[in-house]
Protein chains: 2
Amino acid sequence: MVEQRVIDTVRRVFELNGFLGIETRAVEQGSSLLKKGETSKEIYLLSRLQEVGSESDTPVEDRLGLHFDLTVPLSRYVVEHSGALTFPFKRWQIQKVWRGERPQEGRFREFVQADIDVVGNGELPEHYEVELPLVMVSAMEELRAFGMPKATVHANNRKLSEGFYRGLGLSDVEGVLREVDKLDKIGADEVVKLLVQDCGADEAQARACLALAALRAENGTALRAGFAELCDRYGIGHESEAYELAEQGLSTLAMIVDEAAKIRPGAVIADLSIARGLDYYTGSVYETFLDGASSLGSVCSGGRYDNLATQGNRRYPGVGLSIGLSRLVSYMLHTAGAKASRTSPAAVLVAVWDESTRPVSNAIARSLRGRGIAADVSPSAAKLGKQIRYADHLGIPYVWFPADASTADAQGDGSSDEVKNILTGEQKRADPLSWMPDTVYAQQSVQIEDKAQA
Amino acid sequence: MVEQRVIDTVRRVFELNGFLGIETRAVEQGSSLLKKGETSKEIYLLSRLQEVGSESDTPVEDRLGLHFDLTVPLSRYVVEHSGALTFPFKRWQIQKVWRGERPQEGRFREFVQADIDVVGNGELPEHYEVELPLVMVSAMEELRAFGMPKATVHANNRKLSEGFYRGLGLSDVEGVLREVDKLDKIGADEVVKLLVQDCGADEAQARACLALAALRAENGTALRAGFAELCDRYGIGHESEAYELAEQGLSTLAMIVDEAAKIRPGAVIADLSIARGLDYYTGSVYETFLDGASSLGSVCSGGRYDNLATQGNRRYPGVGLSIGLSRLVSYMLHTAGAKASRTSPAAVLVAVWDESTRPVSNAIARSLRGRGIAADVSPSAAKLGKQIRYADHLGIPYVWFPADASTADAQGDGSSDEVKNILTGEQKRADPLSWMPDTVYAQQSVQIEDKAQA
């Protein structure tokens, strides 16, 4: 129920921002899933029961596999439907994906991703590189009602890092990115060792790479100042092609943090240690961390990819981000104490005095439902205490007593319907055509349990 | 978009009726999927990329497969969570399922099912056998707004058929049901031939089975009269165990059509030709046909199953129905002419005069979104005609012109924001803090295309 509300919330933000929803099949061709030769991907392949024993006769490329993200399907979708789409094509997609990873906290083999991407035909304006992370920030802001901490998007830019490394005289850019990405895990000295050992760097070049990774800034001015200082310190002149490349990335990144700061100060920062994915993306790259929950890792990642899809000579560049919703929901449930306000969506349980009068109870429930009030009817004409216990177990706040003279008791004379709030004990006369539940009890909702009290 | 609205609608009806939503993983153990020895099922088994070539080392029972319905997962779920559930457990579940069938019109390998079931612990009151089909009827009534024709639930009862066959002296009940089910396809004479040949019936017994299958009734009185007449005609006495069994089924079926007729006359009829599934279900069985679309087959089927799940000595009987949503959506799209009222969820496209003033346009869009109005911002500061064409392609009804003195033209002096309805041509001054779209243009919705006009 919490996951459903999270999905509804995120979808609403995506639609408010004008993204079109698409849904693609769970399977893609093996050849698409393995496109980048990533045979290390933990893909699930399918086989039909009738094929058992002869699965291996079909090459993996020709078999079907479950998608492991929503980018591979998007790329196929864009090519298949390019003639029918209006570009730039803004789409949202919220679906399950599957990866054969070893399950652990926050890592699932089946999980829900919520993606937005903008795909251009040939070209794609840069302003989407700031707008898309901001859509995700506003979605994540909405999710704070479900116990999610404040999220900060950390942005970097492939061109900036690559230009700087080349300016230093390093040419194995992918290699440097790969080693710098290990900084958190193995520490600076080990990274320096690996850069020297495997990437053709000398000690000074390696230290310069680490100095770049240490740069963080909340606005363009600070970012530019910090980068200029590094170029001076490591002797990177302003006249080289490498510097020009770095300057392109710098200018995009500065624009992103400045524009974002105007709208949501502190929501998007420049963080030049973000290296993961830089070998894949061609411009901006984003990772998102939660205050006080950094062990969760990035909960919303993405970037700009100039060849999201290609069709003959045609290129479709894209900018996109993906929220790992299941990981967030897991955090909400297990750490933040989010839970359904009640088990049943019903606000009312209509009691049944006798199986012969069940149709009366059913009619009351129908009348309530017709006015949008979710109602259940007691499973049996058991003793009233048992019927109330059933409501109580399901968290249904109101029990409705149909008029019945034979049930006259201290609380009512049975001459009219009465409804009891079993949480407060309040009981009063009620008409199924006009009665309304108190707002706080009307809808099943998500509550955050106060862990301190619990 | 149509499918999404259909799912939202069905889910709302289920929740109004007090059903709890659950979501289960896409995979189940091979042993569960093949439980009833149905190796003919077109199940998709999974294998990890790393296992290619050695898949067959693992017996099918120990492999994972995609679920082909939502009943197998429910049965596992109930057993796994029996301690935490309140019984009778009413649950809805809307998910994709997969079957390796040969794709054809209305048959998909991946499709969405919408299920409701009530599961009892040990026992389950009979009234659910009329309430559940009525929930489905009310869901299908709501779907008529999407172009779905009127649906009629055809109900039968296993006990009624079995008691009648045994009363005739036939003992191969499963066999008789299987042959009677072929009536539509091969005709009465062929069915008689098969009953004689394979089920130990003589010609008269076979004709009696067909006479039962011809019985239809819209109320309990007609049903009882018709059945009594058949018993007289074929000499089935009222004193046998077989008759007692038939009488149990008859009484349930009569209750179902009578109760349903009070609430929605004609929505549920007794139809004793419904044989499919009778070998699986233990009491009531339902199939649902659409007016004028009988070629689609049953769009909502189910029944009562006394052993939906078992756990040691404990039995969990269930009553449930399943709508094949994808088949319905396919009908809506391709036959009924349902389509999205517009491609984009956005009601407004905010124009951009110049890239330097994009932040102004973004602020207007944010202000609209804050009031629940979906808004997009023009991808580029192209000529106004091009921006309007972008809105037009996406079906966005309004284009918003931010105030800008330099854009003064015949229609406005540029001193205030203006908004133009590009469908009606109407343009007027507007304030992003208070303007509202006309209701008819506010939300993306589902429309039924008038095929006669098209």
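Student: In strand 6 of chain B, which residue is the bridge partner of Arg91(B)?

Tutor: That partner is Asp117(B). Before we go on, note that this is a predicted model, where local features need pLDDT of at least 70, side-chain atom pairs count only at pLDDT 80 or more, and totals for chains, interfaces and linings use all residues. Residues are numbered from 1 along each chain as its sequence is written, chains are lettered from A and ligands numbered from 1 in the order written, and side-chain values use heavy atoms, without hydrogens and water.

Student: How many bridges link strand 5 of chain B with strand 6 of chain B?

Tutor: Strands are DSSP runs of E with at least two residues, while helices are H or I runs of at least four, each numbered from the N terminus. Two strands pair if DSSP finds at least two bridges between them. Here strands 5 and 6 of chain B are antiparallel partners over 10 bridges. Strand 6 of chain B also runs antiparallel to strand 12 (residues 314–324) of chain B, with seven bridges. There, Val119(B) has Gly318(B) as its bridge partner.

Student: Why is strand 6 of chain B described as largely enclosed?

Tutor: Buried means under 20% relative accessible area, exposed over 50%, and partly exposed in between (1.4 Å probe, protein chains only). In strand 6 (residues 110–119) of chain B, 10 of the 10 residues are buried, so the rest of the structure largely encloses this strand. Look at both of its sides: Glu110(B), Val112(B), Ala114(B), Ile116(B) and Val118(B) point one way, Phe111(B), Gln113(B), Asp115(B), Asp117(B) and Val119(B) point the other, and all are buried.

Student: Is Thr152(A) buried or exposed?

Tutor: Thr152(A) counts as buried because its relative accessibility is 11%. This residue sits in strand 7 (residues 151–157) of chain A. Contact means heavy atoms within 4.5 Å. Leaving aside residues up to four places away in sequence, Thr152(A) touches several others, including Gly266(A), Ile269(A), Glu287(A) and Phe289(A).

Student: How many residues of chain B are in contact with chain A?

Tutor: On chain B there are 73, and they meet 73 residues of chain A. Buried area is the accessible area (1.4 Å probe) that two parts lose on being put together, summed over both. For these two chains the figure is about 5600 Å², 52% of it on carbon and sulfur atoms. Leu16(B), Arg48(B) and Leu49(B) supply 11% of what chain B buries against chain A, more than any other three residues.

Student: How many salt bridges cross this interface?

Tutor: A salt bridge is a side-chain nitrogen of Lys or Arg within 4 Å of a carboxyl oxygen of Asp or Glu. The rule finds 12 between chain B and chain A. One of the side-chain pairs joined in this way is Arg63(B) with Glu55(A), at 2.9 Å from N to O. Elements that give two or more residues to the side of chain B touching chain A include helix 1 (2–16), strand 3 (44–48) and helix 11 (241–263) of chain B. Helix 1 of chain B provides the largest share, eight residues.

Student: In which sense does strand 3 of chain A pair with strand 3 of chain B?

Tutor: They pair in the antiparallel sense, over five bridges. Tyr44(A), for example, stands opposite Arg48(B).

Student: What is the peptide bond from Phe87(A) to Pro88(A), cis or trans?

Tutor: That bond is cis, with omega near -5 degrees. Pro88(A) lies in the loop between helix 3 (71–81) and strand 5 (89–98) of chain A. In chain B, the bond from Phe87(B) to Pro88(B) is cis, with omega near -5 degrees, and Pro88(B) is in the loop between helix 3 (71–81) and strand 5 of chain B.
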